[in-house]
Amino acid sequence: MLKTIKAIPMLAVLPQDEIQRQYDDGQLYQKNYTKGMVLSNQKDLCDTLDIVLSGSFVTYSLAENGSAMQVFEFVKGQMLGANLLFGDSHAYPLTVYCAANGEILHVTKKAVSDFLHHYDFAMAFIVMLSQNSQRLNQKMRMGLHKTLRENLLEYLEQQARLQQSDTIVLPISKKQLADYLGVQRPSLFRELKKLVDEGTVISKGRSVSLTHRRSGGPLV
């Protein structure tokens, strides 16, 4: 287990004896989660920094009509709870559950407080907070100012840049994509069909080809 901990970039910058001491004191511990298990419920207090070692964990909110909207997905190397741990209100605003069997390394608030005395860890922690904030801002812009068509095309173009190809393979299922975009699956399928009918994209299973990209220019 210590080998796994030391392989995490944020923790690898710490002195090994510090990691060993915190581990022996029970301030760092690993837990296994199976698909469907709840990591934390909405309004539960956040008292650990949670680092995903494997699997997939998602946050979702429940609408008044009972439908669920996926907000974020966290996979290997990503972290939950950093922005809540030291806040005045450190309750989870969303429910977090396990979407695919995985493992979490829990780091207590005490351990994080001790680690923050180390400059390299503190800088890595700040970078992580910034990245999480950017993801939240992107999600807010998606929900408040853009149509489903705009959000869908933006997602496909983002994947085209990441995969360096105008023909991409969706990294998630269309059901998960609908959850990510905050819409029902039939709504996503209707919008995708419109794009196919007008010739903007070609879709076959998880393979999607963009025939007209708004951003233009070479893929980088």
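**Figure 1. The largest nonpolar core and a second one.** The largest nonpolar core holds 37 residues, and Leu-11, Leu-49, Leu-105 and Val-107 have the most contacts inside it. A nonpolar core here is a set of buried Ala, Val, Leu, Ile, Met, Phe, Trp, Tyr and Cys residues joined through side-chain atoms within 4.5 Å; buried means under 20% relative accessible area, exposed over 50%, and partly exposed in between, with a 1.4 Å probe and protein chains only. A second, separate core of 19 residues includes Ile-168, Tyr-180, Leu-188 and Leu-210. In soluble globular proteins, nonpolar side chains tend to be buried together. Please keep in mind that this is a predicted model, in which local features need pLDDT of at least 70, side-chain atom pairs count only at pLDDT 80 or more, and totals for chains, interfaces and linings use all residues. Residues are numbered from 1 along each chain as its sequence is written, and side-chain values use heavy atoms, with hydrogens and water left out.

**Figure 2. Leu-105 and its contacts.** Setting aside neighbours within four places in sequence, Leu-105 touches Met-1, Ile-5, Ile-8, Leu-11, Leu-28, Tyr-29, Gln-30, Leu-49, Asp-50, Ile-51 and Leu-53; contact means heavy atoms within 4.5 Å. Across the chain, 72% of the contacts between residues at least 6 apart in sequence join residues at least 24 apart. Of the 220 residues in the chain, 39% are buried.

**Figure 3. Helix H3 and its buried face.** The chain has eight helices and nine strands, which are DSSP runs numbered from the N terminus (helices are H or I with at least four residues, strands are E with at least two). Glu-18, Ile-19 and Gln-22 are the buried residues to look for in H3. Seen down the axis of H3, they fall within an arc of 100 degrees, so they line one face of the helix; the arc is that of the directions from the helix axis to the C-beta atoms. On the other side of H3, Gln-16, Asp-17 and Asp-24 are exposed. The buried residues pack against helix H1 (2-6), helix H2 (9-12), strand E1 (28-33) and helix H4 (109-115). After H3 comes Gly-26, with a positive phi near 80 degrees.

**Figure 4. A closer look at Ile-19.** Ile-19 sits in helix H3 (residues 16-24) and is buried, with a relative accessible area of 1%. Beyond its neighbours within four places in sequence, Ile-19 is in contact with Leu-2, Ile-5, Lys-6, Leu-11 and Leu-14. The C-alpha atoms of Ile-19 and Lys-6 are 8.0 Å apart, although 13 residues separate them along the chain.

**Figure 5. Helices H7 and H8.** Helix H7 (residues 174-181) packs with helix H8 (residues 185-197) at an angle of about 100 degrees, and their axes are 9 Å apart. Axes are lines fitted to C-alpha atoms, for helices over the stretch in contact, with angles from 0 to 180 degrees between N-to-C directions. H7 and H8 are therefore roughly perpendicular to each other, a label for angles of 65 to 115 degrees. H7 brings Lys-174, Lys-175, Leu-177, Ala-178 and Leu-181 to the contact, and H8 brings Arg-185, Leu-188, Phe-189 and Leu-192.

**Figure 6. Two loop residues with positive phi.** Lys-43 lies in the loop between strand E2 (38-40) and strand E3 (48-62), and its phi is near 85 degrees. Gln-164, in the loop between H6 and strand E7 (167-169), has a phi near 55 degrees. Lys-43 counts as exposed at 68% relative accessibility, and Gln-164 counts as exposed at 57%.

Terms used: Angles under 35 degrees count as roughly parallel, over 145 as roughly antiparallel, 65 to 115 as roughly perpendicular and the rest as oblique.
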